[in-house]
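Please read them with the viewer open.

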Amino acid sequence: MSPQPEDEIIRKRQRERAKVTAILLGLFVVLMFAITIAKMTINQ
Amino acid sequence: MTSVPLQHDESLPADWRDLLALTKPRVMSLVVFTGLCGLLAAPAPVHPVLGFTAVLCIALGAGAAGALNQWYEADLDAKMKRTANRPLPAGRMSRQTALHFGVGLAVFSVILMDLAANHLAAAVLAISILFYVLVYTVWLKRRTAQNIVIGGAAGAFPPLIGWAAVTGDVTTLPILLFAIIFLWTPPHFWALSLFVRTDYANAGVPMLPVVAGIESTRRQILLYTLPMIAAAVAPWALGLTGWIYGSASVVLNAIFLVLAFAVAANKATESKEMGPEKKLFAFSIIYLFGLFAALVVDRWMIA
């Protein structure tokens, strides 16, 4: 049975949102690391 | 009046571009700029990473407020040409998604601000989001023609937040920066509401031109321009800034005043004949950018 066009749109949006979420989470990790280093630098 | 479906297919996840549109990126640019200027004008050095994070939090907080505003006003947006194609009135997203996104982003921005800057900046950021959503959107906008006057305070917080993020306190200059945006908001929005008033009238929003009439609005624009000019010149008059800000302020305010007089003198009632109103609206954006840019250049030259 071939997938309905509606299903394809849902999968496409889920894939795109997953990619954007992954990129944002990666950037958040980098930002938290940078904030930690910056705070340590100031305290020294 | 535009009629647009508010229904959304619940099984269809929202497009990430629509979530981005929910944050009103164009409005955010002015908020980010004034917040950045408040941060750069503060009399203390700031670590670039912490400064960037503070500005990011201001942007996220503004985005959250914009998302919650659209969540609450979906019915109103559907009735206005200018806003009918937004994700909620166009039926591209469920209201619940917008609510979750807005609340999540607001909480995240305040917590991150607290971690990167200090309690005061985080508290003022939280107050500004709550003020925009609860006081302006929920309480005032549909009830009084003074919605813009009081609600304008929400958009005036960013330079205060930027300053507080660096210094941990609030002094005369950031309060004056708050006052400038607070007093700038009525002439800016009333100029816009004059040439899109039929949209507001159709949606039942009691904007000043709809409630008090066109002539009264034009007079109010001129009246509010005067205290705005006083607030804009005050940082220089009080010796808090130098000649760069002073001269930029005098020139920008003189142009604003001339345009406000042109609006007051205009007798046209048709939108297409409202050239002075359109000019004032366009210039008011340049005015705010110019004034805050001059402030930063002035403070950095003195430093």
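Predicted model: local features only at pLDDT ≥ 70, side-chain atom pairs only at ≥ 80, totals over all residues.

1. Of the 44 residues in chain A, 0% are buried. Its secondary structure comes to one helix and zero strands.

2. Next, the place where the two chains meet. Chain A puts 13 residues into the contact, and chain B puts in 11 residues. On the chain A side, the residues touching chain B sort into eight nonpolar, two polar and three charged.

3. Chain B is assigned two domains: domain 1 covers 15-168 and domain 2 covers 171-303. Taken over C-alpha atoms, the centres of domain 1 and domain 2 of chain B lie 21 Å apart. Between them, 26 residues of domain 1 of chain B are in contact with 26 residues of domain 2 of chain B.

4. Which helices build the domain 1 side of that contact in chain B? At least two residues each come from helix 2 (25-41), helix 4 (74-79), helix 7 (147-156) and helix 8 (158-167) of chain B. Helix 2 of chain B gives the most, with seven residues. By class, this side of domain 1 of chain B has 16 nonpolar, five polar and five charged residues.

5. The buried residues of helix 8 of chain B include B:Pro158, B:Pro159, B:Trp163 and B:Val166. What do they pack against? Their partners are helix 2, helix 3, helix 6 (119-140) and helix 9 (172-195) of chain B. After helix 8 of chain B comes B:Gly168, with a positive phi near 80°.

6. Helix 9 of chain B also holds B:Ile181. Why does B:Ile181 count as buried? Because it has 26 C-beta neighbours inside 10 Å. Apart from neighbours within four places in sequence, B:Ile181 is in contact with B:Thr34, B:Gly155 and B:Ala156.

7. Now for a helix pair in chain B. Two packed helices are described by the angle between their axes and the distance between the axes. The axes of helix 13 (residues 243-265) and helix 14 (residues 275-302) of chain B come within 9 Å and cross at roughly 170°. Helix 13 and helix 14 of chain B are therefore roughly antiparallel to each other. Their contact has 19 nonpolar, two polar and three charged residues.

8. In soluble globular proteins, nonpolar side chains tend to be buried together. Here the largest nonpolar core has 99 residues, and the members touching the most others are B:Ala54, B:Met113, B:Ala121, B:Leu125 and B:Leu291. Helix 3 (residues 48-72) of chain B supplies the largest share of this core, 14 residues. Both domain 1 (15-168) and domain 2 (171-303) of chain B contribute at least three residues each to this core.

9. Leaving aside neighbours within four places in sequence, B:Leu291 is in contact with B:Ile180, B:Ala232, B:Ala248, B:Ser249 and B:Leu252.

Technical notes. Residues numbered from 1 in each chain as written. Chains lettered and ligands numbered in written order. Contact = placed C-beta atoms within 7 Å. Nonpolar A, V, L, I, M, F, W, Y, C, P; charged D, E, K, R; others polar. Helix = DSSP H or I, 4+ residues; strand = E, 2+ residues; numbered from the N terminus. Buried ≥ 20, exposed ≤ 12 C-beta atoms within 10 Å, placed from the backbone. Domains from an automatic or database assignment. Axes fitted to C-alpha atoms, helices over the stretch in contact; angles between N-to-C directions. Parallel < 35°, antiparallel > 145°, perpendicular 65-115°, else oblique. Core = buried A, V, L, I, M, F, W, Y, C linked by C-beta atoms within 7 Å.
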